[in-house]
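Keep the viewer open, try each task, and then walk through the solution.

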Amino acid sequence: MFETGLLRGKRILVTGGGSGLGAAMGRRFLALGAELVICGRKLDRLEATASEMRAQSSGKVTTIACDVRDGVAVDEMMDATWREAPLDILVNNAAATFIAQSEHLSFRAADAVLAPTLHGAMYCTLAAGKRWIDGRHNGVVLSILSTSTITGRAFTVPSAMAKSAVLAMTKSLAVEWGPKGIRTVAIAPGPFPTAGASGQLRPVGRDEGWSARNPMGRTGEHSELADLASFLVSDRAGYINGEMVVIDGGAHLRSSGAEDLLRWTDAQWAEQRAARSKG
Ligand SMILES: CCCCCCC/C=C/C(=O)SCCNC(=O)CCNC(=O)[C@H](O)C(C)(C)COP(=O)(O)OP(=O)(O)OC[C@H]1O[C@@H](n2cnc3c(N)ncnc32)[C@H](O)[C@@H]1OP(=O)(O)O
Ligand SMILES: NC(=O)C1=CN([C@@H]2O[C@H](COP(=O)(O)OP(=O)(O)OC[C@H]3O[C@@H](n4cnc5c(N)ncnc54)[C@H](OP(=O)(O)O)[C@@H]3O)[C@@H](O)[C@H]2O)C=CC1
């Protein structure tokens, strides 16, 4: 789809790049000539993903274990990265969510989602941004959000709040940091099957599949999201700033994606609480 070398010379950090959509974007960035850094909490998974990537591409892949909820760890990751060379692009992809009735959420449960999804994205953005500004280096921040930023979403309220806050960051920094050579952009994916999303959001018992409710009759292909991300972080999108692009087959125009859960019984919710996934 794109010219070979679209991302040649670009050094890109993808948070949560060891799995799911983060890994899909990473593979595409490498294929387009970028150098890749992926981070996450589980180093073994990062290493396994990096090995697969290295087998498929001659591009350089570095792994860093980092919990983005920890600002000190984020600063250390950025220092380690910058020691080699400045990043050009940050992709805020790491996040957490689960379905739950909000009245059953403990404060710790709310924080379990807000901390990686909101604070993690903010820490990474601030840490990269200050280094770009200090070094007079241009940069791009791409944040992976959700259509809940448009519709809201019942039963995943902390995630909807966190993603909306990161959209506010994207728009605000577009104005504040645009003059300093930093673009901030976002993608709102609809349903893209991944182990993480399936584990947290689609337990057995939801009555309709994501495909059935989608105007296109299907879920998204990882390559479709990776293509959009590649364009948005590339210099070809150099005049796109502060925008969020939706990629969901039109699903949010029909439903927020949570309405089937309004019909769940107390017994189904109790079962869901008991069977929660550890992601
Ligand atoms: C429908 C149309 C489109 C869909 C769009 C969807 C938009 C967003 C999608 C995604 O983000 S998909 C990616 C999902 N991937 C992940 O979540 C991976 C990362 N996940 C994790 O890190 C963990 O699974 C977690 C979510 C942080 C939970 O980890 P863990 O269980 O280890 O947390 P604890 O520290 O043990 O617990 C903290 C606190 O949270 C409560 N809790 C955890 N899970 C649930 C749950 N499923 N339901 C209710 N409460 C939960 C847990 O009980 C703890 O609270 P306390 O009991 O101590 O009060
Ligand atoms: N799949 C979908 O349908 C949709 C996904 N999205 C968004 O897309 C992005 C990717 O989701 P998806 O690929 O499905 O999910 P995954 O669960 O596969 O990916 C989440 C990644 O984030 C990492 N992560 C989680 N917590 C932390 C943390 N505290 N510090 C560092 N890394 C962390 C995980 O690695 P580790 O466990 O090793 O830390 C994992 O690699 C997320 O932002 C999600 O909200 C949005 C809408 C729909």
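**Exercise 1.** Find which helices each supply at least two residues of the shell around ligand 1.

*Solution.* Step one: in this predicted model, helix H4 (107–134) and helix H7 each supply at least two shell residues; helices are DSSP runs of H or I, at least four residues long, numbered from the N terminus. Step two: H7 gives the most, with 4 residues.

Before you go on, local features need pLDDT of at least 70 and side-chain atom pairs count only at pLDDT 80 or more, while totals for chains, interfaces and linings use all residues. Residues are numbered from 1 along each chain as its sequence is written, ligands are numbered from 1 in the order in which they are written, and side-chain values use heavy atoms, without hydrogens and water.

**Exercise 2.** Work out which polar contacts hold an oxygen atom of ligand 1 (N or O pairs within 3.5 Å).

*Solution.* Start with Ser106, whose side chain has an N or O atom 2.6 Å from a ligand 1 oxygen. Next, a polar side-chain atom of Arg41 lies 2.9 Å from an oxygen of ligand 1. Finally, Thr97 uses a backbone N or O atom, at 3.1 Å.

**Exercise 3.** Now list polar contacts of ligand 2.

*Solution.* Take the oxygen atoms: a polar side-chain atom of Thr194 lies 2.6 Å from one, and the side chain of Lys163 places an N or O atom 2.8 Å from one. Then take nitrogen: a polar backbone atom of Phe192 is 2.8 Å from a nitrogen atom of ligand 2.

Definitions and conventions. A polar contact is a pair of N or O atoms within 3.5 Å; within protein, one must be able to donate a hydrogen and the other to accept it, and residues adjacent in sequence count only if both atoms are side-chain atoms.
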